[in-house]
Amino acid sequence: MKHIIPVIVATLLLCLMACNRDPHFITDRKYRAEVHEDFEARNSQFSILNSQLRLDTLSRAEREAMEFLYAYMPYSDLADYTPEFFLQQVRYAFKAREEMPWGKEVPEDVFRHFVLIYRVNNENLDTARMVFFRELKERVKDMTMEEAALEVNHWCHEHVAYRAADDRTSAPLATMRTSLGRCGEESTFAVTALRSVGIPARQCYTPRWAHCDDNHAWVEVYTGGEWKFLGACEPDPELNMGWLELRSEERFS
């Protein structure tokens with residue numbers, strides 16, 4: 001018995017070390033099981049998924065992230081884009097979390113839904129996350145999360161100017177090439193740029209906005225434990241300010 005106990009302890013320590021080297025992406029066991037079940041339900045409809053995804057070749061975190069994306073992505077994305085495309089999205093989202101100083105501050109569920117997610121609107125998907133990460137990481141690396149969000153929006157303003165249009169909705173790299181976009185393109189562009197450096201972001205939309213008597217889109221970023229707004233590609237010095245704030249106050253007065 002005296003010889004068995006050290007062996008058991010050593011085995012447990014090795015298991016713990018292995019888990020630390022290959023951590024879960026979804027730490028909530030119940031939710032992880034739910035995601036896996038939903039993934040398997042979709043896989044039963046598309047039996048080629050497992051062979052295409054080659055999940056057994058990925059790390060545990062990558063595997064769980066890929067299952068999450070494939071369980072809930074639009075069917076059109078599943079058909080139109082390759083597993084390699086989505087794996088690249090996953091790896092760069094993880095890269096931003098590891099390399100950006102605020103990466104560990106982002107709650108797991110917020111990261112999952114507002115950093116990892118590759119789509120903003122109905123835009124064509126492209127490799128903007130990777131391009132933007134390389135463009136922005138050095139520019140924001142010594143900033144706080146809020147400072148970085150503002151700086152990313154300044155960078156967006158440098159690359160995209162507003163132009164009204166009826167087209168819906170160009171991909172971020174296409175917007176970057178033309179340097180023009182309506183609020184829908186600008187906000188899609190800004191959300192993609194923010195997510196590329198690990199800052200949770202989402203597009204907000206209203207069908208009618210009194211300021212322009214038309215629809216309007218803007219951006220919210222998660223920083224300091226709460227959601228704050230900014231006008232996409234509008235280089236204000238602070239969050240939660242500008243004409244958008246004034247209109248919000250009028251709406252509730």
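**Close-up 1. Arginine 112 is buried, with a relative accessible area of 6%.** Buried here means under 20% relative accessible area, exposed means over 50%, and partly exposed is in between (1.4 Å probe, protein chains only). Helices (H or I, at least four residues) and strands (E, at least two) are DSSP runs, numbered from the N terminus.

This is a predicted model, where local features need pLDDT of at least 70, side-chain atom pairs count only at pLDDT 80 or more, and totals for chains, interfaces and linings use all residues. Residues are numbered from 1 along each chain as its sequence is written, and side-chain values use heavy atoms, with hydrogens and water left out.

**Close-up 2. Lysine 95 pairs up with glutamate 99 in a salt bridge.** Their closest N and O atoms are 2.9 Å apart. Both belong to helix α6 (residues 83–99), and because they are 4 residues apart, about one helical turn lies between them. Lysine 95 is partly exposed at 30%, and glutamate 99 is partly exposed at 41%.

**Close-up 3. Glutamate 220 and arginine 202 form a salt bridge, with closest N and O atoms 2.7 Å apart.** This one links distant parts of the chain: glutamate 220 is in strand β4 (residues 214–223) and arginine 202 in strand β3 (residues 201–209), 18 residues apart. Glutamate 220 counts as buried at 18%, while arginine 202 is partly exposed at 26%.

Methods: A salt bridge is a side-chain nitrogen of Lys or Arg within 4 Å of a carboxyl oxygen of Asp or Glu.
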